[in-house]
Amino acid sequence: MSFLWEGLAAVTWQQIVMYVVGAALIWVAIKKEYEPALLLPMGFGAILVNLPGSNAVDQVLQGVGETHGIVSWLYDVGIAASEAMPLLLFIGIGAMIDFGPLLAKPSMFLFGAAAQFGIFAALLLASALGFSLNDAASIGIIGAADGPTSLLVSQVLNSQYVGAIAVAAYSYMALVPIVQPFAIKLITTKKERSIRMDYDNKSVSKRTRILFPIFTTIIVGFIAPSSASLVGFLMFGNLIRECGVLESLSQTAQTTLTNLITLLLGITISFSMQADSFVKPDTLFIMAIGLAAFVFDTFGGVLLAKIMNLFLKKKINPMIGAAGISAFPMASRVVQKIAQEESPGNIVIMHAAGANVAGQIASAVAGGLLIQLVTSMS
């Protein structure tokens, strides 16, 4: 019993805050079913690493001395030393994505690019609030709406806010069905949201589907070498899917690999959620900037569509631009749901899906460009 009282006496108020944060993440994961595969391990890990003297962080082994605990070791090996976990996750994501709607209508690439506006808007906002360039760029990448990209960029740029950035990125990804409708309705009218679009359901050849990931990797590698690993692993996963001769590997990448890496990644991120580095006023600023980044992403895509409509005879439903963020497939589903609510029978899901998968590529490229930009200026 005395050990229990000693442990309780060693708990700081910052650690208590992290227990509350961890419990909140677990509650959201289970009760609301928002990104449970990531938020639940993150929430449990936040509690685990903030127990006084937790050997999940550091431990003393007989004959060895002080050494890293399991969470510290996972963080060092899987994220700090090689960024292996986020990159391996991209293989699974690539294997899940069908680029067919994008290849059938390549103009959707424009919305994938425009919906990255929030990254650079957030970067400028973070810089204006006094964050260093490395930290501002790491905070800005929350606007990629892609957890692995956010984690990878913040780690490569050696940001001191990796934990807060990861929590913001994954939390807002989960809240896309809440954040995006609000942002879309701020800058569109009911008439615009009710626009119906024709979809030319032309087939995309197998050869095109196979060549696309190969040529995309080559082109991006020459244009933005810092994006090569991000885009390359994404495209490699997609090539496994589309080649037609590796069905079992494709299924493994989509299920077993993705589930395992997601599980480990969630609890490993908690290493950067230790109370002394997480419970700071800066964390609140990062959460607020991250929310602004998601809203600006939506604005960027929607406004591009509205500008294009000034010159087009066949109008684009501007909500398609909002689907250009990387949160796949949530963003395209959100757009389709709103379209149905505003005009029953309005089907825009294929256009939205095309913009959505374009956002996957654009966010990875944007992450690499940020790394290249910041490192060249350092």
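This is a predicted model: local features need pLDDT of at least 70, side-chain atom pairs count only at pLDDT 80 or more; totals for chains, interfaces and linings use all residues.
**Entry 1**

I started at E342, which is buried at a relative accessible area of 15%.

I then looked for what E342 meets. One partner is R193, and the two side chains form a salt bridge at 2.8 Å, N to O. This pair links distant parts of the chain, with E342 in helix α20 and R193 in helix α13, 149 residues apart. R193 also counts as buried, at 9% relative accessibility.

K190 forms a salt bridge with E342 too, and here the closest N and O atoms are 2.8 Å apart. K190 sits in helix α13 (residues 190–193) and E342 in helix α20 (residues 330–342), so this bridge ties together parts 152 residues apart in sequence. I checked the exposure of K190 as well: its relative accessible area is 47%, which makes K190 partly exposed.

**Entry 2: R209 and E242**

Next I went to R209, which forms a salt bridge with E242; the closest N and O atoms are 3.4 Å apart. R209 belongs to helix α14 (residues 206–223) and E242 to helix α15 (residues 228–242), so the pair ties together parts that are 33 residues apart in sequence. E242 turned out to be buried, with a relative accessible area of 12%. I was pleased to find a network here: salt bridges with shared partners join D98, R209, R241 and E242.

My tally of salt bridges for the structure is seven.

**Entry 3: aromatic rings**

I turned to the rings and counted seven aromatic pairs. For Y75 and F271, I found the centres 4.7 Å apart and the planes at 35°, so I logged the pair as tilted. Y75 lies in helix α4 (residues 70–80), while F271 is in the loop between α16 (247–269) and α17 (275–278), so this pair ties together parts 196 residues apart in sequence. Y75 counts as buried at 8% relative accessibility.

F296 and F299 gave me an edge-to-face pair, with 6.3 Å from centre to centre and 75° between the planes. Both residues lie in helix α18 (residues 281–309), three residues apart, or about one turn of the helix.

Note on methods
Residues are numbered from 1 along each chain as its sequence is written. Side-chain values use heavy atoms; hydrogens and water are left out. A salt bridge is a side-chain nitrogen of Lys or Arg within 4 Å of a carboxyl oxygen of Asp or Glu. Helices (H or I, at least four residues) and strands (E, at least two) are DSSP runs, numbered from the N terminus. Buried means under 20% relative accessible area, exposed over 50%, partly exposed in between (1.4 Å probe, protein chains only). Rings of Phe, Tyr and Trp (its six-membered ring) pair if their centres lie within 6.5 Å; planes under 30 degrees apart count as stacked, over 60 as edge-to-face and the rest as tilted.
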